[in-house]
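Subject: Structure handover

Hi,

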Amino acid sequence: MKKQSAFPLALTLVVAGMAVALISEPERQWAAPPPSPGLLINGAGATFPYPIYSKWFDEYHKLHPEIQINYQSIGSGGGIRQVLAGTVDFGATDGPMSDEQLGQAKTKILHFPTVLGADVPTYNIPSFSGELKFSPEALAGIFLGKVTKWNDPVLTGTNPGVNLPGDDIVVVHRSDGSGTTYVWVDYLSKVSEEWKTKVGKGTSVNWPVGLGGKGNEGVAGLVKQTPNSIGYVELIYAIQNNMPYGRVRNSSGNFVKADLASVTAAAAAAAQEMPEDFRVSITNPGGKNAYPIASFTWLLVPAKFEDGAKRKVIVDFLHWMLNDGQKLAEPLAYAPLPKEVVAKETKAISEVK
Amino acid sequence: MAHLITLLFASAILLITVLLVFELYRNSALAREKFGWQFLSSRTWDPVFEQFGALPFVFGTVVTSAVGLLIAVPLGVGAAIFLAELAPPRISDALAFIIELLAAVPSVIYGLLAIFTLVPLLRNTVQPFLKQTLGFLPLFQGPNYGVGLLAAGIILAIMIVPFVVSISREVLMAVPVEQREAALALGATRWESTWKVVVPYARAGILGSIFLAMARALGETMAVTMVIGNDPKITSSLFAPGYTIAAVIANEFTEATSDLYIHALIELSLVLFILTIILNGLARLLILATQRKGTAHP
């Protein structure tokens, strides 16, 4: 090995190494283990609330530096599986666990709603750039493949004065399993008997028609690119990306535009009849200002903790989440829980033993 | 000693493959029991009512890979012949280097490229053109979205061409110069010596590169799922959306909650594994069959 030829290589490697070290941002480090005696709590699950959960766990850690809560957004399905298997201390899901799933659990699993999300119908009609009003029949018909043209009476009826084209509607839905889909099909199952029997609800369904896009960004991308298309995306996504979306008629007959207030109103309206275990769907609720396609997202917490220290932290975190945590939701475009729900949940926290 | 170590390595690889198949088989038990052979013939994929069938995905996988190969093989072998036989050596090396770089581009980048350039191109220009000229064929009928089987096939072709080109070029360059000289000495033209002597001599290697390309195409996930439309239906049109096995597993596995659902997805991956083996086997039989009259010797 010639001595001469090794030096340039070594120099390059050293310079490259230094450059990498200088360029990488100090914040982007793996979560450092908490200072001992520290406590590490692991959770996993839904992707939809990941930004707010991430913020919460970070803020909580600042308040309690010895506690580190680690959350992996692997999907609601993963969250449910891991909490059933006991590999994580808590889970998170956009769709509540079914009775069957709860039956598989070794210890009782409690559901705690954390924030609210909503789905909005976004569309791309080349000849029209305004706001459309959708009736439940229109949305169900479109996604069932029954309403095939934009100038169908069910659409022109709710949008008088709008010159809708006679082009075919291109339906776009999610290809990946997702809580966003769950909310959408849960709503459709409530407003359309045909949808309920033919397709049903789940994080993935057998869509009668339509193209599948991966993630909110996939659906948004397909809708933006494909003329005469309609799809559904998360409200937060639509807001952050300045996407046009339509109003939906709620059960009181009002065409409501989704925003944080109307979404919180949906939960408030449902709070009256909320079951004790919070496993409730709040789509199509009563309430004149309620947005009809909204949903809770839940933390899944075992009712019994062997580890006393962990239990204390989780109980404390849940209290914090329901008070200070809720204030952090709006800046991130998540709708906070209405106070009726917060009150009910505060009582339910005592079930964690 | 060296004999034993290399034997150990070979056995390890075999063992890993066997373990893989065993695990796939074991973890698809619920789905296999419930659906049996109907899994392969059923067209329904319904996670809500838990009816699962593999046929649309097998169809999509085979069709997109076939389209990809149909485009990539002539293009790739032709490019390889040019680079190995007809191009000046320096150009050949430079171009070969660039083509090999294409193989290193991550799949997601190809997917993004496809979404932003290929899909609009297909929707606005290529597919209407095909519809006008070849629209009498059911392959080119139906609504035009841009995304669909054709888009997936084309992006697969772009992804697998580097494999065909780089391996075929190496194999062609490895053909002994005596073969070419002998052909030329017998009065063949430059092209005749290339096409009738050199290429057949390298046939085994070229076919090997095609197998590799086919295997990549069958398993390709991200780029395909971004442009195929993700609709598990079987249609006769290339403009229609479709779905592949790899794409549906990537899309649905993390959110699959029920055990039957997960087992069905794992059974799909078992189907893909066996499909790859079958296609490879058929391709090898093809070589054997044509080897009788050819001159290729590995």
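What share of the contacts in chain A with a separation of 6 or more comes from residues 24 or more positions apart? Such residues account for 72% of them. Two residues are in contact if their C-beta atoms, placed from the backbone, lie within 7 Å.

Some ground rules. This is a predicted model: local features need pLDDT of at least 70, side-chain atom pairs count only at pLDDT 80 or more, and totals for chains, interfaces and linings use all residues. Residues are numbered from 1 along each chain as its sequence is written, while chains are lettered from A and ligands numbered from 1 in the order in which they are written.

Chain A
Chain A has 13 helices and eleven strands. These are DSSP runs numbered from the N terminus: helices are H or I with at least four residues, strands E with at least two. The C-alpha trace of chain A spans about 75 × 65 × 35 Å along its principal axes. Of its 353 residues, 48% count as buried, meaning 20 or more other C-beta atoms within 10 Å of the residue's own, with C-beta atoms placed from the backbone. In helix 7 of chain A (residues 179-191), 13 of 13 residues are buried.

Helix 6 of chain B
Helix 6 of chain B spans only 31 Å between its end C-alpha atoms. A straight helix of 28 residues would span 40 Å, taking 1.5 Å times one less than the number of residues. Helix 6 of chain B bends by about 50° at B:Leu122. The bend is the angle between axes fitted to the seven residues ending there and the seven starting there. B:Leu122 is also buried, as are B:Arg123 and B:Gln127, among others in this helix. The cover over its buried residues includes helix 9 (215-225) of chain A, plus helix 7 and helix 11 of chain B.

Interface
In total, 25 residues of chain B are in contact with 30 residues of chain A. On the chain B side, helix 6 gives the most, with three residues. That side divides into 13 nonpolar, eight polar and four charged residues. Ala, Val, Leu, Ile, Met, Phe, Trp, Tyr, Cys and Pro count as nonpolar, Asp, Glu, Lys and Arg as charged, and the others, Gly among them, as polar.

Helix pair in chain B
Helix 4 (residues 55-86) and helix 7 (residues 149-173) of chain B cross at roughly 35°, with axes coming within 6 Å. Axes are lines fitted to C-alpha atoms over the stretch in contact, and angles run from 0 to 180 degrees between N-to-C directions. The residues of this contact divide into 24 nonpolar, seven polar and two charged.

Best wishes

Technical notes
A residue is buried if 20 or more other C-beta atoms lie within 10 Å of its own, exposed if 12 or fewer, and partly exposed in between; C-beta atoms are placed from the backbone.
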